[in-house]
Amino acid sequence: MSRNDSELELGDIQGILASGYGELPHASFLLLAFDDPGRARAWVGETARGIESAAAGRPRGGQRLHLAFTWAGLEHLELSWQALKGFSREFREGIAGSPRRSRILGDTGESAPEHWQWGGTEGATLHAVLMVYAATPHALEELLEAQRQTLAEAGITVVKTLGSRSLADGREHFGFRDGISQPKLAGLSTSRDPRHRVASGEFILGYPNARNQFTMGPLVDPLEDPENLLPEVTQDSDLHDLGRNGSYLVFRQLGQDVHRFWSWLDDATPDRQARLALAARMVGRWPDGEPLVKAPERPAGEGTDNDFGYHHEDAEGLKCPLGAHIRRTNPRDMLPPKPGSEDSLAINHRHRLLRRGRVYGPPLAESLMPDDLLAAGDDGLERGLHFLCLNADISRQFEFVQHTWAENPNFAGLHADTDPLIGARGNGRATFTVPDEPVRQRYHDLPRFVRVLGGGYFFLPGLRALRYLAVPPPRLTSAISAPAAPATLLPDTWWLRSGRSLNRALENGIALARRATRLRNGLDRLLQQPATDALQSWILWRRRRHGIDADLAIAEERRLPGEDEVTRRITEQMSDFLLRTYRHGTAERAGNTKTYGLLAAEFEVLELPEKLRCGLFAAPRRFEAWVRFGGPGPRVTPDIRNNGVLSLGVKVLGVPGETLLEDESHTQDFSAISSPTFTTPDVYENAKLQRLIGAGMPVWHFLNPFDSHYLDMLLQGLYAKAHGSPFEASYWSCVPYLFGKGRAIKYRFVPLGERRTKVPLPAPDNYLRQAMVSTLAEEDEVVFELRLQFQEDPVTMPIEDASVIWTSEEIPVARLRIPRQAFDTPERDQLARELTINPWHALPEHRPLGNQNRARKLIYYETSRVRQRINDEKHFTP
């Protein structure tokens, strides 16, 4: 089905999107943590068969199950990295994922995530929530017992069970009717009222939203959906849509201090009637749900009327205060720039929430009448609301409503007023303003009545997506079949074609600028080091200010969350790129692609002081070695058009001791590039870059204003240039390595020759190789000196961040000697393709450190095997 088709596919939408299940008043929510991914997938498939779709309509008794996942849960199920990165940033980071998010949501003080009972920074990682609904308590308990048994058999842990209950007359614990004003979904509701009818795409992915646009969602390549379980994105694309018919679920456990609420009201007002009136003004409705806009002085007995606006009926807030809870969370037609107009309603529609909350805990007083609640006193029991809402865009909907409306002290021209019911109070005075004539009335020192006890962002998939999640993912790096014809990794859409055109234009501009080599060399002498120092100062200032890695010891690593999964996804992307790009017998490396030459060399360990005698450098000695000079990837290009960063790979042979990687023995490999910083600071950003390389838009990785990498671009740009010869560039490791126990180093290969080769203009396609041939025809040998830098401080010389240049002293420890030889032969080129250089071909004393190196272990190994299989070559063991 075309994505432009706005008709809802009710049979693929989980039923909770269509109904809050008022007919099923008893519910529990099971927060889950998966163990074995395979068993978890099998459980998802079994559970999916019991989930009713929206086509089933409203339940008439019985029971219902629904299932949603956190980003960590989808990652644990081994969803492809391409699909994972398609989810919104807010969902990926999580509701407690950053201090900034906590601030904008009002999750501070006692409501801060470190104090939460679940979902916070200190608790267990959550993977899913199973929502269970039933008509009777007995039916609910039977269903829960059956689910707990099934979960236990699948090895899934129930981290927490959140119960719920219904209160009389649909009220919440403060005593007010709840859930009255809900949006009416186009395609589900027959309502034509423009004040309440909202585009279904505001809540369900895959359909036009209020702007008649499609919210971005997770997509997968057809290779990752071999059984065609998912719908296609569009009729003219082969990508499959994992997000279609799904929605983001926001879940927050809100504890309500009912005694404090009514006690504060009692202290703030002179009598019973004034107390009730002030409570109604804080909420915006009377306890029975009647809106103040219709009955401002006292309840008129007209019921839960929802047929009203604010601008024409109460623009000044004299009936319903401007800061009242319902006015903040659903401003209706009061929004600028044209209050009272259809434009104002349209803006409001872009921030609506589809609420599916449930009350939990016993009422403070069974009657829920204000007088009885006040008289009951504080019983110390926990009660509140499980706030659940569905939206297609967490940032634009839930987070916007929470931050810009509910938590905004200046909402509607107010001052120091947050939401009187659910708002945080901060460190300053908290007030509630009631407009009145001739003067307004302000109530001061509002305490916090609602405390956040837990929360999470979940994704509620469509039923087809659930079935897809239950299928084991295809492994692109094993059991490889015949290579496919060259293709792209993204659909050929207009925006992607435009992006590629921009990318080509920028690359052409860079290539043109490379011809101004004399000017560039002059600028390098004048600006390269000062600019590098300035950029590094900015990075280090931030690291020092926030104390990043200050808790680590020298040579101590810190594994990133989900790092292994990210690495596997990068490996799949690069392997997939090889399969799609190269035909039989012509596959090149996925990175450092172009080979300028493979040369025989001698690795000479110098006479070193005792403290430097370690591993390969334990004693003065000469080793045979292979040296590969290469260019950037992932495609072979004319030298003048490459990205200007060269690579060096060294394989030292006959090294005493066993290497860390079992496919070779007695070798020690070095890998370096002609820039002191790596292209990406960590493996997460590397995954983004690999995705865009596959799309033919690598430049977008650095220029994307929504996810900028300007510092990385500038640092690379200072060293990316048209080189005269690979023999004349310095090569940095960029990432660290162990040097014996408790010491970490980075290294650099520095050319010792005085020869300076000019870039020929016009430049032949392979002028760098020709420069190497020319040098070895005229010189007896080319010599590089290997220099080490030791880590002295974990903050300013980090292990896990490859964007930081270490500043410690460089110590010479070895020399790489490349004698005169004929290397420009087909036989040597064949050997270069077969040779694998991997930093994990290393002695334990020189183990690679940091997330980029940890990722290389799998990436280099697997992609080299893919390349060799495509070319029908065997791994060459020196």
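Contact means heavy atoms within 4.5 Å.

This is a predicted model, in which local features need pLDDT of at least 70 and side-chain atom pairs count only at pLDDT 80 or more, while totals for chains, interfaces and linings use all residues. Residues are numbered from 1 along each chain as its sequence is written, and side-chain values use heavy atoms, with hydrogens and water left out.

**Confidence**

The protein averages a pLDDT of 88. Of the residues, 92% score at least 70. Residues 1-5 also stay under 50. For them the model has 17 contacts beyond four places in sequence.

**Domains 1 and 2**

The protein is divided into domain 1 (23-251 + 457-470), domain 2 (257-364 + 401-456) and domain 3 (494-871). These bounds come from an automatic or database domain assignment. The C-alpha centres of domain 1 and domain 2 lie 28 Å apart. In domain 1, 52 residues are in contact with 47 residues of domain 2.

About 4,200 Å² is buried between the two domains. Carbon and sulfur atoms give 55% of that area. Buried area is the accessible area (1.4 Å probe) that two parts lose on being put together, summed over both. On the domain 1 side, Phe174, Phe176 and Arg195 lose the most area to domain 2. Together they account for 20% of what that side buries.

The interface of domain 1 and domain 2 has 23 residue pairs in polar contact, both residues at pLDDT 80 or more. A polar contact is a pair of N or O atoms within 3.5 Å; within protein, one must be able to donate a hydrogen and the other to accept it, and residues adjacent in sequence count only if both atoms are side-chain atoms.

**Salt bridges**

Side chains of opposite charge can pair when their charged atoms come close. The rule for a salt bridge is a side-chain nitrogen of Lys or Arg within 4 Å of a carboxyl oxygen of Asp or Glu. The count comes to 61. Two of these cross the interface of domain 1 and domain 2.

| Salt bridge | N to O distance |
|---|---|
| Aspartate 307 – arginine 195 | 1.9 Å |
| Aspartate 107 – arginine 252 | 2.8 Å |

Aspartate 107 lies in the loop between α5 and β3 (128-134) and arginine 252 in strand β9, so their pair ties together parts 145 residues apart in sequence. Helices (H or I, at least four residues) and strands (E, at least two) are DSSP runs, numbered from the N terminus.

Definitions and conventions:
pLDDT is the predictor's confidence in each residue, from 0 to 100.
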